[in-house]
Amino acid sequence: MIRRRIRRLGAVVAVLAALVWSSACAVIPVGGPFPVGEAGGGDPMSKPFQRMVAIPPQAGWSPEQVVTGLQAAMAAYADDPEILAQYLTPEARQAWKPGGPVTVLDNLVKYDVEGKIGDKEITVALSGTQVARIENDDTYVPTSVGVDRKFTLVKDQQGDYRVKSLVGGLLLTEADVTRAYRPTNLYYLNGTPGSGGANSDMLVVDRVRLRLKPTESFAKTIIERLLKGPSKALQGAVENVFPHGTRVESVRAGDDRVIINLSGPIDSGDIFTRGLQAQLRWSLTSNNVANGRYIEVQLDGEPFYSSDTLTIPPNISDPWLGTSSNAAYYTSKGAVYAMATEGPGRPVAGPAGQANNLYSGFAVAVGGFSVGQGADLIAAKSTAGGIWVTRAAADGRWQQWIQGANADLTPPSWHRDGTLWTYDRRNGAVLRCNPGAGRGPERIAAPSLDGFDVTRLRIARDGVRVAVTIGKHEIRVGAITGSGAAVMLGNFQTLSTVDDEEIRDLAWRDGEHLVVLSQSPAGAVVKEINVGDGTVTKLPSDTRLRTLAAQGERILAGTKKKNEILESNLDKQNWTSKMATDADTPLFPLG
Amino acid sequence: MPPTSKKRLRRRTLRQILGGVRRRTRRAAGRARSVWRRSLQLQVVTSTLVISVTVVVVLGVFLSDQINRSVIESRQQSSATEALADRVQIADALSQKPDDQAKSTSDASGNAPADPLDDVMDTITGSGENGSKKRYEVLVLNTSNPGRSRASGKVTPEDVPQALQQALRRDERKYEFDKPYRFTAPITFTGESQPTPTLVIGGVVNLLDGQNYEVYHFFPISEEERMLSNVRLAIAVVGLGLVVLLAAIAYLVARQVVSPVRLAREAAERLAAGKLDERLKVRGEDDLARLATSFNEMAVNLALKIHQLEELSQVQRQFVSDVSHELRTPLTTVRMAADLLYDAREDFDPMAARSAELMQAQLERFESMLADLLEISRYDAGAATLDLDPVDVRDVVLRAIGDSEALAERHSTRFELRLPNEPCMAEIDNRRVERILRNLLFNAIEHGEGRDVVVTVGADRDAVAVAVRDHGIGLKAGEDTMVFDRFWRADPSRARTIGGTGLGLAISREDASLHGGWLQAWGQQGEGSQFRLTLPRVAGTDLKGSPLSLVPPEIEMRRTWRGQMTPVLLPASADGAGYDED
C-alpha cells in the first residue's frame with residue numbers, strides 16, 4: 001500500500017520535473033505562422049551621413065594649419081557657425097559674410113606660406129582648381145578654373161595666428177561637398193507656370209545639391225527645397241503645384257507611412273491633387289527617401305481635405321515620367337524601318353518607308369500618343385531643302401512644312417505636343433510648326449542663342465528642356481519657357497565644353513540625361529551628362545560609332561560604315577551588334 | 001512693537017495648532033493601537049502584510065537587478081565589440097601609406113584620392129552608396145590637427161561626457177592607447193528637447209606618426225531603458241498584487257479561525273455577566289467544535305454550582321432570620337422576668353442582686369444583637385428601604401454627638417468638632433445616617449483610649465462627608481477593609497467594654513451603600529484611625545469624589561514634609577478608593 005503511494009508520488013514528481021524542465025528550455029516560444037503587424041523598419045526619412053567636425057584653433061598651430069582649420073570650419077559652418085569666427089581677427093569677423101555661391105575646389109589644394117614663420121603678419125596662398133560652384137538656388141555648376149586665394153594672418157595677443165582678411169563666401173573641397181551635400185532630384189510639372197498644373201502630364205526633374213542638416217530629416221530638407229520652386233534652369237518653364245509661401249511644418253514617420261504636415265496658402269479643394277502626389281512621391285522616392293511607404297499629406301496638422309486624408313501610395317502608376325514605349329526605328333537607304341526584336345525590321349507604311357536618297361535627319365513622333373492622328377509622323381530634311389513631314393500610313397505623302405536650305409536647318413526635333421522644331425542658321429531663328437494642327441512655321445524667340453552657331457537642337461521628351469550644340473565643342477541646355485505667344489527658349493547654360501573633342505551627336509535618354517558622342521584625337525567618346533549638375537558618366541566607347549539614339553535604358557548607335565546598329569551593353573561595358581543588315585541610323589520617337 | 005507681538009501671537013497659535021495636531025495624532029495612534037491590540041485578525045493580516053512585503057521587495061529587487069545586469073551587460077558587450085571593430089577599421093585605414101591609398105582609391109575620373117578618413121567614416125557610418133543606417137553614431141576627434149575630426153548624425157564634441165574625455169586624455173599622456181572606456185549618461189543632442197540615455201564608448205586610435213584620434217561611439221539605450229522600466233513596472237505590479245493577495249488570504253484564513261473564537265469570547269462575556277444559559281453552537285468536529293463543547297459543559301456545571309450555592313445561601317439567611325424571630329418571643333418573656341428581678345434586686349442578697357444586674361445587662365446586649373441580626377438579615381433579603389428627607393448633616397452630627405456624650409464622659413473623651421458655617425443639605429435617611437454616625441462615634445470612643453475624637457464635616461457641590469478621627473492604637477495594615485466584616489474584632493483577646501455587637505460597622509456600611517455613598521476607613525498603628533462617610537447630596541447620583549480626604553490632614557502634611565510615601569498610607573477601601581488620590 002505504502003509502496004504504491006510512494007510510486008504514485010514519484011510519478012507526480014517526475015511529471016512536475018518534466019514540466020519545469022520543458023518550460024525552462026523554451027524561453028522563446030516556438031511556433032507559427034502568426035500574422036505580424038508591420039513594424040517601422042528604420043528611419044525612412046533620413047540617410048546616414050558623416051560630417052566635418054570643426055575644432056577651434058589650437059595654440060601653436062602653424063599658419064598652414066590655421067588655414068586648413070579655417071577651411072574645415074567652413075565645411076562645418078552650416079552646422080556650427082561659431083568655430084569659424086574663432087579663426088578670424090575681430091575685424092575679419094565683422095567683414096566676412098558666408099553668403100554667395102559656394103566655391104568647390106578639388107581635393108588637391110596646396111597652401112604656400114609667403115613670409116617667414118614667426119613674423120607678425122604672414123600670407124598663406126591657397127592654390128587649386130575650382131571644380132564647381134553651388135549657387136544660391138542650390139544648383140551645382142561645374143566649372144574648371146584655377147583658384148588662387150591669399151589669406152593674411154596676423155599674430156594675436158597670445159602669439160597665435162588668426163586670419164585677418166579673406167574673401168566672402170564659403171570655400172569647400174570636393175570631399176567636403178561629397179560629405180555634406182547630396183545630389184537631389186526635385187520634380188516639377190511640365191505645365192505652364194501659373195496654370196495650376198491642370199494640363200500637366202509629366203514630371204520635369206530639377207537637380208540640386210542639398211546640404212544635409214543634422215537636426216532635420218533629409219525628407220524635410222527635400223520638401224522644403226521643393227516648395228521653394230525650381231532652380232534657375234527651369235524658372236518659368238515648369239509648374240510647381242505648391243503655391244508660393246507654402247511651408248512644411250514637420251515630416252515624421254508613422255507606422256507604415258511618412259506624414260508631411262504642410263501649412264500656407266494651399267486650397268485643398270482647388271489644388272491639382274495628382275500633380276501634388278506625383279511631385280511629392282517622386283521627389284522623395286527618387287532620392288531614396290520614404291521608399292515603399294505611404295505618404296500622408298496634412299494641412300496645418302489636420303487631414304488634407306476637411307473630410308478625408310490625402311495619402312500617396314508607394315507606387316504611382318501614372319506615366320508621370322513618360323511612357324516607356326519600346327518602339328524603335330532605323331533608316332536604311334533613305335527609308336524608315338520599324339525595328340523588330342529579332343531580325344530585320346519592316347519598312348513603315350507610306351512614302352517614308354520607300355528607299356530614296358532624298359531625305360535625311362529623320363525624326364519620329366509616335367502617333368496616337370500626343371499627335372492624335374493614329375499614325376506616326378515622320379519628319380526629315382530633304383536634300384532639296386526644307387523640312388518635310390509625312391504620316392507613316394499608306395495614304396501619307398511628303399509635305400514641306402519649313403523652308404530653307406538643307407545646310408541651314410538643323411535636323412528636326414519633335415516636341416511631345418506634336419510641334420516640330422528646328423533652327424534656321426541662316427536667319428538665326430528657332431522655328432516651330434505644328435503639322436498635326438496644320439499650323440505653319442513660326443519664329444520662337446531665343447535671345448540667348450542669338451549670335452551663336454547653333455548646330456543641333458534637340459527637345460527632351462519632357463517637352464521642357466532643350467539641348468543645343470554651339471559649334472563643335474559646346475553643349476548648352478535651356479528650357480522652353482512661357483506659353484502661348486510668349487513661348488521662348490531661355491535659361492540657357494553651358495553644360496559642357498570640350499575643346500579637344502568634336503561633338504558628333506547627342507540624344508536625350510530621359511528628361512535628365514543627355515548622351516553625347518564626340519570624337520577626340522584618341523577615338524570616339526560616349527558620355528552621359530546629367531543636365532542638372534553636369535555630372536559626367538563615361539559610357540563604353542567604340543571607334544565605329546557615328547550616330548546615337550537613346551531612350552530610357554536603351555542606347556543605340558549607327559556605325560560609320562552605315563551597315564550595322566550597335567546597342568550599348570552597360571553591364572559588359574561594350575557595344576554589341578543589334579542588327580547587322582544595311583541599317584544606317586537608329587531612331588527613337590521624340591528626344 | 002506691534003510686529004513682534006503679532007509674530008509672537010502667530011507663533012503661539014502655530015504652536016497651538018501643532019500641539020493640537022500632535023494631540024490628535026497621538027489620540028488616533030492610541031485608538032489604532034488599541035484596535036490592533038484587540039483584533040487577532042488584524043494582527044495576523046498585519047504580520048502577513050509585513051512579511052510578504054519584505055519578501056516581495058527583496059525578491060523584486062533581486063530579480064530586477066538580475067534582469068538589469070544581464071540586459072545592460074549584453075548591450076555593453078555588443079557595443080564594445082562594435083566600437084572595437086570600428087576603431088580597428090579606422091586605425092587600418094589611417095595607417096595605410098599614402099601611395100597605397102592612391103592606388104587603391106584613385107578612380108577612373110582621375111580625381112584626387114579621397115581622404116582615407118572620409119572613406120572609413122563612410123564605411124562605418126553607412127553613408128556610402130549602399131550603406132544602411134547604423135544604430136549608433138560615431139565621433140572622431142583629433143584636436144591637434146585641423147580638419148581631421150568627423151562625426152555622424154547629430155553628435156558634436158560637446159556631447160562627449162567630460163569625465164570620459166579626461167580619462168582618454170590621461171591615458172594619451174601616459175601613452176596607453178589600448179584601454180577603451182565606457183560612460184552612460186543621458187545626453188541631449190542638438191535639436192532634441194529630451195535627453196536620450198546613451199552609452200558612450202571612447203577609445204584612442206594611435207597612429208605611428210604620433211597622431212591620436214579619439215573615437216567616441218554613441219549607442220542610444222532608450223530601448224533597453226524602456227524595456228527595463230517595463231520589467232520593473234511589471235515586477236512592481238505583480239509584487240503589489242501578490243502582497244494584496246496574501247493579505248486577503250491571511251484575512252480569510254484568520255477569519256475562519258477567529259470568528260468562532262470571537263463567538264466563544266462573546267459567549268464567555270455574557271456568561272460572566274450572569275447570563276448562565278448562554279451556550280455555543282457546535283459545528284463539526286474540529287478543535288473549535290471541541291472548544292465549544294467544553295465551554296458548554298463548563299457553563300452547565302457553573303450554572304449548577306451557582307444555583308446550589310445560591311440555594312444554600314438563601315437557606316442560611318432564612319435560618320438566621322428565622323432564628324432571630326424565634327428567639328425574640330422567648331427573649332421578651334425572659335426580659336420581662338429579668339426586669340422584675342432587676343427591679344426587686346434591692347431585696348435580694350448581694351450575690352443575687354449582682355446576678356440580676358448582670359442578667360439585665362447581658363439581656364440588653366442580647367436584644368440589641370438580635371435587633372442587629374434582624375436588621376442585617378433584612379439587608380440580605382434586600383428588604384431595606386430608605387426614607388429620604390433633605391436634612392442638614394450638621395444637625396445629624398450634633399444629634400449623634402449628643403447621644404454619645406454619656407459614653408464619652410465615661411471614657412473621659414472630648415469631642416472636637418469641625419463644622420462648616422453654612423448648612424450642608426443632603427437627601428438622606430435621617431435615622432440610618434444617625435445610626436452610622438453613632439456607630440462611628442462609639443467606635444472612636446471605644447478605641448480612642450480617652451484621647452480627643454475629631455469630627456469633621458465637609459461638603460462640596462455633589463457630596464457631603466463626615467470624618468471621625470480617633471487617636472487610639474490605630475489599624476494594622478489590611479485591617480482597614482476587615483473592620484467592616486461581620487463580628488470582626490481588632491484584638492480577639494480584648495473584651496468588649498461597650499455593648500458592641502460586632503455588627504455595627506457592617507450595618508453602617510450597608511446603610512452607606514444603600515444611600516449610594518461610601519464608608520471608608522484609614523488607620524495606622526500608633527496614629528489612630530479615621531472613618532469617612534461620603535454621601536451624595538442628591539440620592540441616587542453617583543459619587544465622583546469626597547470633599548474630605550481619607551487620610552487625616554496632619555498625617556498627609558507630615559508625609560509631604562518628609563517627602564516620602566509610606567506604603568501603609570495608601571488608600572484602603574475598594575470602593576471609591578481610586579478617587580481619593582486628590
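**Start where the chains meet**

Select β1(A) and strand β2 (residues 150-152) of chain B: they pair in the antiparallel sense over three bridges. Strands here are DSSP runs of E with at least two residues, helices are runs of H or I with at least four, and both are numbered from the N terminus; two strands pair if DSSP finds at least two bridges between them. Inside this pairing, Arg51(A) stands opposite Ala151(B) of β2(B).

Before going on, some ground rules. This is a predicted model, in which local features need pLDDT of at least 70, side-chain atom pairs count only at pLDDT 80 or more, and totals for chains, interfaces and linings use all residues. Residues are numbered from 1 along each chain as its sequence is written, while chains are lettered from A and ligands numbered from 1 in the order in which they are written.

Now widen the selection to the whole contact region. There, 25 residues of chain A are in contact with 30 residues of chain B, contact being C-beta atoms, placed from the backbone, that lie within 7 Å. On the chain A side, β1 (50-52), α2 and α5 (174-180) each supply at least two residues. Which element gives the largest share of that side? Colour α2(A), which brings five residues. By type, the chain A side divides into nine nonpolar, nine polar and seven charged residues. (Ala, Val, Leu, Ile, Met, Phe, Trp, Tyr, Cys and Pro count as nonpolar, Asp, Glu, Lys and Arg as charged, and the others, Gly among them, as polar.) For the model, the scores are ipTM 0.80 and pTM 0.69.

**Into chain A**

Chain A has seven helices and 38 strands, and buried residues make up 45% of its 591 residues. Buried means 20 or more other C-beta atoms within 10 Å of a residue's own, exposed means 12 or fewer, and partly exposed is in between, with C-beta atoms placed from the backbone.

Next, pick Ala73(A), Leu203(A), Ala219(A), Ile378(A) and Ala379(A): of the 186 residues in the largest nonpolar core, these touch the most other members. Such a core is a set of buried Ala, Val, Leu, Ile, Met, Phe, Trp, Tyr and Cys residues joined through C-beta atoms within 7 Å. Helix α2 (residues 63-75) of chain A gives the largest share of this core, seven residues. Zoom in on Leu203(A): leaving out residues up to four places away in sequence, Leu203(A) touches Tyr187(A), Tyr188(A), Leu189(A), Ala278(A), Trp282(A), Trp320(A) and Leu321(A).

Three residues make the link from β10(A) to β11(A), and the bridge partner of Arg247(A) is Ser263(A).

One more stop here: Asp300(A), in the loop between β12 (294-299) and β13 (302-303) of chain A. Its phi is near 55 degrees, a positive value in a residue other than glycine. Most residues other than glycine have a negative phi. Is Asp300(A) buried or exposed? Asp300(A) counts as exposed because it has 11 C-beta neighbours inside 10 Å.

**Over to chain B**

Bring chain B back and find the open sheet of five strands, in the order β7-β9-β10-β12-β11 with mixed pairing. Its edges are β7 (415-418) and β11 (518-524) of chain B, each pairing on one side only. Within the sheet, β9 (residues 453-459) and β10 (residues 463-470) of chain B are antiparallel over six bridges, and Val454(B) stands opposite Arg469(B).

Then select Tyr175(B), in the loop between α5 (162-173) and β3 (181-187) of chain B. Tyr175(B) has a positive phi too, near 60 degrees, and with 9 other C-beta atoms within 10 Å, Tyr175(B) is exposed.

**Last stop: confidence**

Colour chain B by pLDDT, the predictor's confidence in each residue, from 0 to 100. The chain B average is 84, and 89% of the residues score at least 70. Where does pLDDT stay under 50 in chain B? One stretch is residues 100-110, with nine contacts beyond four places in sequence; another is residues 567-582, with 30 such contacts.

Notes. Two residues are in contact if their C-beta atoms, placed from the backbone, lie within 7 Å.
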